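Here is a short briefing to read with the structure open beside you. Please keep the viewer handy as you go through the points.

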Amino acid sequence: MTIRLRKALIVYCSPAGSTGHVAALMKQKIESSQTPVTCVDLGEDPDVEFLIPQLVDAKDNICMYIGSPVYASHALAPVMTFIAHLPTARNGYAVPFVTWGGVTSGVALYEMGEALEKKGYAILGAAKVLARHSLMWAAANPLAEGRPDAADDALVEQLMKKVLQKLASGSPEKLPVSRLAYQKEPLHAEMQKKTFESAKAQLPLKEIHEDRCTRCGVCADVCPVEAVTLSPLPIFGSACICCYRCVRACPEKALTADLSPVFDRLRNMAVQYNERPPTQIFF
């Protein structure tokens, strides 16, 4: 018996674009299976309340693909908040996926899988995909330069083939969430204790150059967590995830941040963790 999914839903947050790249690959594969699919970028439309009524009606026989970049070993807050607001499903399925910048993929995939399973969504597969480190856009030889590449894309496509085969089988084999706890102990426990706030405190502050700022509002428009307001200069709220997307997007270079002191620290951490394989699929 083939499972007739009412729809597939891809929800992700992608400040630097890498997670969105993986989401686009998934969308292509789902569309080839003739399953209706909706794709939502939480950074472009962070108010996802409109989705919840739809999910209440379609909470069964739905497969959800939930993606996040890894920040300080965890998934982004908007992604975890979305999962927390999901209606409980009886026959739902999910595929969590993360992108990470070459330091560590942390425990994000495990925490997402655990949260989805608690909501009644059986995990059919998962992926961690190496991507250029989002803080190193101005660095020479950034971590994971050129990733995701064709080989990474091929693994994502392989995962999607396996997930779609599972769904077509009529009785999809679940992926134990324990498989996503791939960090060795006590490293796993150490990463679970990490907080984004502690990592954020080590990052450089953004500097506002009042003489250059035209109050155009681009910084507020591109913020994936709606943490920027104008009054009349930009003000950064506590929800800021330090993606520095506002700095990169400012047309007048009125926002700056010296990230160069961070580069060596990130490279040293990457050597310390030495996480292998860099891209990995689970099914």
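This is a predicted model: local features need pLDDT of at least 70, side-chain atom pairs count only at pLDDT 80 or more; totals for chains, interfaces and linings use all residues.

**Nonpolar cores**
- The largest nonpolar core has 64 residues, and the members that touch the most others are Met64, Ile66, Phe82, Leu116 and Tyr121.
- Another core, of 24 residues, lies apart from that one, and Leu25, Val129, Leu159 and Val163 are among its members.
- In soluble globular proteins, nonpolar side chains tend to be buried together.

**Helix α1**
- Helix α1 runs over residues 18-32, and its 15 residues should span 21 Å at 1.5 Å a residue; the end C-alpha atoms are 22 Å apart, so the two values agree.
- Its buried residues are Ser18, Thr19, Gly20, Val22, Ala23, Leu25, Met26 and Ile30.
- After α1 comes Gln34, which has a positive phi near 65°.

**His74**
- You will find His74 in strand β4, residues 74-75.
- His74 has a relative accessible area of 13%, under the 20% cut-off, and therefore counts as buried.
- Its side chain reaches the backbone oxygen of Lys194 at 2.7 Å.
- Leaving aside residues up to four places away in sequence, His74 touches Pro69, Val107, Ala108, Glu111, Met191, Gln192 and Lys194.

Methods:
Residues are numbered from 1 along each chain as its sequence is written. Side-chain values use heavy atoms; hydrogens and water are left out. A nonpolar core is a set of buried Ala, Val, Leu, Ile, Met, Phe, Trp, Tyr and Cys residues joined through side-chain atoms within 4.5 Å. Buried means under 20% relative accessible area, exposed over 50%, partly exposed in between (1.4 Å probe, protein chains only). Helices (H or I, at least four residues) and strands (E, at least two) are DSSP runs, numbered from the N terminus. A polar contact is a pair of N or O atoms within 3.5 Å; within protein, one must be able to donate a hydrogen and the other to accept it, and residues adjacent in sequence count only if both atoms are side-chain atoms. Contact means heavy atoms within 4.5 Å. The expected span of a helix is 1.5 Å times one less than its number of residues.
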